[in-house]
Amino acid sequence: MLEKVKAAISKFNMLQHGDVVCCALSGGADSVALLLSLKNLSSELGITVTAVHINHLLRGEESDRDEAFCRELCQKLDIPLTVFRRDAAVFSHSLGASVETGAREMRYEIFSQISADKIATAHNLNDNAETVLFRMARGTGLRGLAGIPPVRGKIIRPMLFCTRDEIEAYLSDVGQAFVTDSTNLSDDYARNRIRRRIMPEMTSVHEAFPKCVTAMTASLAEDEDFLAKEALRRAGDDLRELHPAVGKRVIINLLRAHKLKISSDKISEIWHTALNGGGKISLDCGFCAVCRKGRVKIFSAEKKGEPPKPAVIRGDGKYRFFGDKIVIITKETDENVNAEDIVNKNLTFKYADYDKILNGVLLRNRLRSDRIKPVGSAHTRELRKLLQEKLPPEEREVSAVIADEKGVVWAEHIGFDDRVKVSSDTKNFLKIEIKHTT
């Protein structure tokens, strides 16, 4: 078992020399084996091992027994231990979740507070198979079928490729005791029913079932990683030109970016609306998804009130516009930006000649009288009509404009006016970007 732990740490680059790794210690067989493994490998890997125990206050004297066991074990091994005593039932109720789900959320919230380079949890190969079965029962996509990841941010799972039998055999060989959670012996929780009823049945079909599931999840995780990256690359593309596997992930990323609820029904509704003429879909938290010409944008459905007052631009910096929108203005010199490259590569839509901008520069809303001659265009046009051709009403209303005393310098979604375009003589350059805080 120890060799498998070591191999997993190496393969997934879980730990670096000098890292402090905190072991999530419940007192059960898995977490005790993990603590001993990390302790035994600490000199070889050049790591410092600490531990954290969370008393969920769910099992009365038995919970206190587990805490005492963990304190005694860490004292014996000379491993610093931090103990948290939190009422998982109260926490779960505050979330409106089951105790099983709430306790898990509570644990990971506590883990985020731990001062360590990595947090090691004791998930094993059987846990991975049980998790996949649990997600299948509830309905899941490829991401859910990919199982438990070996690494997720600061969380590492060095025992993910060890079976439960291998873990218990290891503890028996080294003569190390552990405690047993009595709730694991009942069928009150869904995961226990999977462990006690379904896993034995699946193993009777194929004795290597847990190992086969882990091999499957590794393959599916690679597929999910590719599709997720493709969705990021195609963000903002016409969904009508994308495969559903990519297009729906673009929608998921949009919902996730705005911290909105993600459900298969809502994803399908947005997808079919985008593919069939467009429209508006109501979302939670006062947001809506607007589908137009195959593209999806998410807006707050709440009335934004009066347009913001014009902001005086006084140089480089970030300027807030309509709540979550940030306009970033950067001045660069010819030491960093080459005018010949910009002109030759036709990148004048990205930069303007800073010295061609006049006084009284403002960041403001679009005015009905605004006109602009986009770089490369032969004609000056009404900004209002240009935006109508490009954007739905919801987005036109919150489009930013930068103007000087002569008129529009730059308009969001349109770019710079031709009068401030870069030439081969440009010495100082203006770059404008838009970011969103959500």
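The largest nonpolar core of this predicted model has 35 residues, and those with the most contacts inside it are Met1, Leu15, Val21, Leu35, Leu38 and Met159. A nonpolar core is a set of buried Ala, Val, Leu, Ile, Met, Phe, Trp, Tyr and Cys residues joined through side-chain atoms within 4.5 Å. Buried means under 20% relative accessible area, exposed means over 50%, and partly exposed lies in between (1.4 Å probe, protein chains only). At least two residues of this core come from each of α1 (2-11), β1 (20-24), α2 (29-45), β2 (48-55), α3 (61-77) and α8 (164-174). Helices (H or I, at least four residues) and strands (E, at least two) are DSSP runs, numbered from the N terminus. With 8 residues, α2 gives the most to this core. Apart from this core lies another, of 20 residues, among them Ala231, Ile251, Ile252 and Ile281.

The model is a prediction: local features need pLDDT of at least 70, side-chain atom pairs count only at pLDDT 80 or more, and totals for chains, interfaces and linings use all residues. Residues are numbered from 1 along each chain as its sequence is written, and side-chain values use heavy atoms, with hydrogens and water left out. The pLDDT is the predictor's confidence in each residue, from 0 to 100. For the protein chain its mean is 89, and 95% of the residues reach 70 or more. Confidence in the chain is highest in β1, at 97, and lowest in helix α13 (residues 339-344), at a mean of 72.

Two further buried residues may now be considered. Ala129 belongs to helix α6 (residues 125-138) and is buried, with a relative accessible area of 1%. Ala129 and Gly147 are 18 residues apart in sequence, while their C-alpha atoms are 7.6 Å apart in space.

Asp404 is found in strand β17 (residues 400-404). Because its relative accessibility is 6%, Asp404 counts as buried. Residues up to four places away in sequence aside, Asp404 touches Ile357, Leu358, Asn359, Gly360, Val361, Val409 and Arg419. With Arg419 there is a polar contact between the two side chains, at 2.5 Å. A polar contact is a pair of N or O atoms within 3.5 Å; within protein, one must be able to donate a hydrogen and the other to accept it, and residues adjacent in sequence count only if both atoms are side-chain atoms.

Strands also join into sheets. An open sheet of 4 strands has the order β11-β12-β20-β13, with antiparallel pairing. Two strands pair if DSSP finds at least two bridges between them. β11 (317-321) and β13 (352-353) stand at the edges with a single partner strand each, so one side of each has no neighbour in the sheet. β13 pairs with strand β20 (residues 428-436) over 2 bridges in the antiparallel sense, and Ala352 stands opposite Leu430 in β20.

The backbone deserves a final look. Most residues other than glycine have a negative phi. Asn13, in the loop between α1 and β1, has a positive phi of about 50° although it is not a glycine. Leu57, in the loop between β2 and α3, has a positive phi of about 55° and is partly exposed, with a relative accessible area of 34%.

Note on methods:
Contact = heavy atoms within 4.5 Å.
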